[in-house]
Amino acid sequence: MVKLYCPSLWKSIHIDVDGYLTPCCIFIHNDDKKDRLEDIDNLEDYLITNHDEYRRMLINGEWPDGCNQCKFAEEENRISKRIDDMVDMDLFKTDPEIVSLEYLQLKTGRICNLKCTICSPVCSTTLASDLLKKGEISKEYYNKLNKEIEWASDLNQYKKIKSTKGFARIDIAGGEPLLNKTHFKWLESLTNKDCFLIYNTNGTIRPNEEHMNIWKQFKGIRISVSIDSYEDKFEKLRVGAKWNEVLDNYLFLEELINNEFTDSSLSIVFTIHSGNVNDIFEVYNKINQVTKNEFSESISINYLYYPEEMAIHNMQQHMLKETILLYEKNIKKLHKSKLKNDVIKLYDSIKTFYNTKKVVVNNRPIGPDHRTK
């Protein structure tokens, strides 16, 4: 038995776009969609009294069903969220195995200005409005989605989010979090700001002076910009975003962090899927031409698991073969770096998918396959 440990299960609460509480931002298990922030008085007590079953399973070396994305990544020798989060273990104020709320994963609702092809109306108000106009979702469903995010503009709901020990890190995403003004008011109201803020943004919005001044009150800020392709292809994947504007905003944030913040960083998250798996080398080239920082050490590959039809492990055989050949040609052009290591691991996974392709029924591989949910 190999004992497993995950900061999300011992130290964290995830607040989803709809206000539901789950163990982690990538934890997929419908049975856990039962408690909402609006119905909970004390998040610290909630963490202690919930998810005990999952903690016991990990201690016994078993993966809970909802942890399938991390299990999948680790079995393919790629970096999982679980492993990535353990890099920051030294930030916590208590022993790792003491259940203590010190790590917050916060989605600030569905407010978003883009209609990304990998997204859904559940995570984007703009996409939901577009689908309503096209008649692809009902008015009833549209209204239900809007009702579910009323909490995200209610400061009193945010004020329930507190920790006796103080948060060591607060991960903030959306929607597009920089469009949610209420969460900035909540950040300003926190009495203990000795923590890191970690943002995931689509790169279309620049923080204003007021928001930057709030950020400066914290220990540091780490900003990840979602860039999944380049030029026209980027705009087709991130519908509503403009490549040149996002690139300019990236350089603005780079200048800001280099000159006005300490213990802070800027990075790119490349959410990789069947539609852009061949673009990562050109994205590297495009941004490396303009950035002042060492870009290859600040890009993370986020493996898209859902929707399953866009996942790399469900690509057709001839497409996988083309990608393998492209990677073999381009990997050697990358100098030794974190990016090169990650791309090599991804390349190894792609070869595995090519050599052990499964029959797919209803977008799920059949048989004893670790890629099933």
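The lining of the largest cavity is made up of nine nonpolar, two polar and two charged residues. The model is a predicted one, so local features need pLDDT of at least 70 and side-chain atom pairs count only at pLDDT 80 or more, while totals for chains, interfaces and linings use all residues. Residues are numbered from 1 along each chain as its sequence is written, and side-chain values use heavy atoms, with hydrogens and water left out.

The structure holds one cavity of 30 Å³ or more, and the largest cavity takes in about 100 Å³ of space. Of the 13 residues that line the largest cavity, Cys6, Leu9, Cys24, Cys67 and Cys70 are the closest to its centre. Here a cavity is a set of points, on a 1 Å grid over the protein atoms alone, where a 1.4 Å probe fits but cannot get out, and lining residues have an atom within 4 Å of a point. Grid points are joined across faces, edges and corners, and the volume is the space filled by probe spheres set on them. Helix 1 and helix 5 each give at least two residues to this lining; helices (H or I, at least four residues) and strands (E, at least two) are DSSP runs, numbered from the N terminus.

Cys70 turns up again in helix 4 (residues 68–75), where Asn68, Gln69, Cys70, Phe72 and Ala73 are buried. Buried means under 20% relative accessible area, exposed means over 50%, and partly exposed is in between (1.4 Å probe, protein chains only). Helix 5, strand 10 (299–303) and helix 15 are among what covers the buried residues of helix 4. Just after helix 4, asparagine 77 takes a positive phi of about 65°.

Next come the charged pairs. The count comes to 23 salt bridges, a salt bridge being a side-chain nitrogen of Lys or Arg within 4 Å of a carboxyl oxygen of Asp or Glu. One of them joins glutamate 97 and lysine 3 at 2.9 Å, N to O. This pair ties together distant parts of the chain, 94 residues apart: glutamate 97 is in the loop between helix 5 (81–85) and strand 3 (103–107), and lysine 3 is in the segment before helix 1 (7–11). Glutamate 97 is partly exposed at 43%, and lysine 3 is partly exposed at 45%.

Glutamate 231 and lysine 286 also meet in a salt bridge, at 2.9 Å, N to O. Here glutamate 231 in helix 11 (residues 231–237) is linked to lysine 286 in helix 13 (residues 280–288), 55 residues apart. Aspartate 348 and lysine 351 pair up at 3.8 Å, N to O, and they are separated by about one helical turn because they sit three residues apart in helix 15 (residues 338–355). An α-helix has 3.6 residues a turn, so residues three or four places apart point the same way. Elsewhere, Lys81, Asp85, Asp88, Arg169, Asp171 and Arg222 are linked in a network of salt bridges.

Glutamate 254 has its place in helix 12 (residues 243–260) and counts as buried because its relative accessibility is 3%. Neighbours within four places in sequence aside, glutamate 254 is in contact (heavy atoms within 4.5 Å) with Leu266, Thr291, Lys292 and Asn293.

Technical notes
On a 1 Å grid over the protein atoms alone, a cavity is a set of points where a 1.4 Å probe fits but cannot get out, and a pocket is an open set with protein on both sides within 12 Å along at least five of seven lines; lining residues have an atom within 4 Å of a point. Ala, Val, Leu, Ile, Met, Phe, Trp, Tyr, Cys and Pro count as nonpolar, Asp, Glu, Lys and Arg as charged, and the others, Gly among them, as polar.
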